[in-house]
Amino acid sequence: MFPSKNAKHLRHLSRCFSTSTLRQADFTHAIVGGGAVGLAIARKLQQRDGVSTVLIEKHGTVGSETSSPRYIEEQCLTHEAQVVHAGLYYGPDSLKTRLCLRGKELMYAACEKHNVPYKNCGKWVVAQTDEQMSELQKVYDFAISMNIPIRFVPKDEASHREPEVRAKAGVLESPSTGIVDSHAFMQWLHGEFEEAGGDTALASPVTRIEAPSPGNPDWKIWTAPPSASPPTASSPTPQTPNYSAEEEGSFITAETIVNSAGNYACAINNMILPADRHRTPFYAKGSYFSYSKSFPKPSTLVYPAPVPGHGGLGTHLTIDMAGRVRFGPDVEWVDSPTDLAPTPNAERFKAALEDIQKYLPGIDVDAVALDYAGIRPKLGKLGAVASGKGFQDFYIKKEEGFEGFINLLGIESPGLTSSLAIAEEVEHLLYR
């Protein structure tokens, strides 16, 4: 948080940066949200000459919400492995495709150069029916058009490589899909940001933002004092309507502000923009299932054929850095980003088991257990793949009429894969 003491300290730090022009603001850039995307943006902007950047995170550590191994759609079991997506599902003209393809390239290069653990394990997308095979053909045709590595696996080869995986109609292989230790990746991002001179403000939920005006050219940002209430469903960002004289002075100022607040990004959006540009957040909860047996244990990720209009990519099989198996997520629309308890619903559990057994019939169903849940930030009850109606793309824009405000909304999967490319996009929007 920014009680007066910390705010003054950050002001002092910010004014130690050398610049070629006089800067009145405490910071050049303020990034709200310390997940993988916010960290990547902060790192990228802080690498520019003569700038100062502050990363504002409402939790006590960075990467502890949408990007953490207990939250995100892309993860594999508890420590850490999350999927590096190939960019197969998002259509030719979407931000998701462009940034996923670029981000995948940047992520693999960064992991290799900086010793961030990763595996290029590949992914199978399996079809059991002719109808599902037609969906795989669409994915194949799109991948070929975008120069994304892709191939159909002959039946004999599929049976030899993964004998426990059922694919009655066919297998599509994505060799550039992989997994990455997301915790190590975010540690690397944060380390590079701070080594470049960036400042991090932890336990600092933003409560108020004042846009620049003719008499005040900089953004003012307040955060909750120690007495603030924790987030609730009706008020996802803590509010402190009555400030003492000391607390009123605990804001910081910045020349630009980037909203990268994940599940709370709509709340930040609504603090800044007028009512006719407010956004209503939607939350797609996904429950995950652990598997306690060591057999069957495929060596590649296994996904069912995509379902147009569905809010996710189906109850798929992922593996962690040690090769352990996990299934999920399903999709359940909930009202709050804090609704993180996995839903113990017998019908949903039965449906998940049926989905899993379609492509992995040899599992021991007694070894499958409800494990945990995650929340994906959505801008509506929209689909995850571009082949259906209502596809939701990333929203990354420089907001008209609010100079220096870059707004990121609906940054769900493939957000982690795209994070380094999103950072490039934000820098381009600010400095093109």
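In the predicted model, the chain contains 10 helices and 20 strands, and of its 432 residues 57% count as buried. Among the contacts in the chain between residues at least 6 apart in sequence, 74% join residues that are at least 24 apart.

One of the sheets is open and consists of 3 strands, which follow the order β3-β8-β4 with antiparallel pairing. Its edges are formed by β3 (81-84) and β4 (118-119), each of which pairs on one side only. Between β4 and strand β8 (residues 178-181), the antiparallel pairing extends over 2 bridges, and Lys119 has Ile179 of β8 as its bridge partner. Helix α6 (residues 182-195) packs on this sheet, where it touches β3 and β8, and the direction of α6 makes an angle of about 55 degrees with that of β8.

Helix α8 (residues 265-272) is mostly covered, with 6 of its 8 residues buried. The buried positions are Ala265, Cys266, Ala267, Ile268, Asn269 and Ile272.

At least two lining residues of the second largest cavity come from each of α8, β13 (282-291) and β18 (368-378). By class, the lining of this cavity divides into 9 nonpolar, 3 polar and 1 charged.

Turning to the open spaces, the largest pocket has a volume of about 460 Å³, whereas the second largest pocket has a volume of about 190 Å³. The lining of the largest pocket comprises 25 residues, and those that lie nearest its centre are Pro304, Val307, Gly314, Thr315 and Asp355. Helices α4 (130-145) and α9 (346-359) each supply at least two residues of that lining, and α9 gives the most, with 6 residues. In terms of residue class, the lining of the largest pocket has 12 nonpolar, 7 polar and 6 charged residues.

The second largest pocket is lined by Arg43, Lys44, Gln47, Leu106, Ala109, Ala110, Lys113, His114, Trp188, Leu420, Ala423 and Glu424. Three helices, α2 (36-46), α3 (95-114) and α10 (415-431), each supply at least two residues of this lining, and the largest share, 5 residues, comes from α3. The lining of the second largest pocket divides into 6 nonpolar, 2 polar and 4 charged residues, and the charged residues among those listed are Arg43, Lys44, Lys113 and Glu424.

Methods: Residues are numbered from 1 along each chain as its sequence is written. This is a predicted model: local features need pLDDT of at least 70, side-chain atom pairs count only at pLDDT 80 or more; totals for chains, interfaces and linings use all residues. Side-chain values use heavy atoms; hydrogens and water are left out. Two strands pair if DSSP finds at least two bridges between them. Helices (H or I, at least four residues) and strands (E, at least two) are DSSP runs, numbered from the N terminus. Contact means heavy atoms within 4.5 Å. Axes are lines fitted to C-alpha atoms, for helices over the stretch in contact, and angles run from 0 to 180 degrees between N-to-C directions. Buried means under 20% relative accessible area, exposed over 50%, partly exposed in between (1.4 Å probe, protein chains only). On a 1 Å grid over the protein atoms alone, a cavity is a set of points where a 1.4 Å probe fits but cannot get out, and a pocket is an open set with protein on both sides within 12 Å along at least five of seven lines; lining residues have an atom within 4 Å of a point. Grid points are joined across faces, edges and corners, and a volume is the space filled by probe spheres set on the points.
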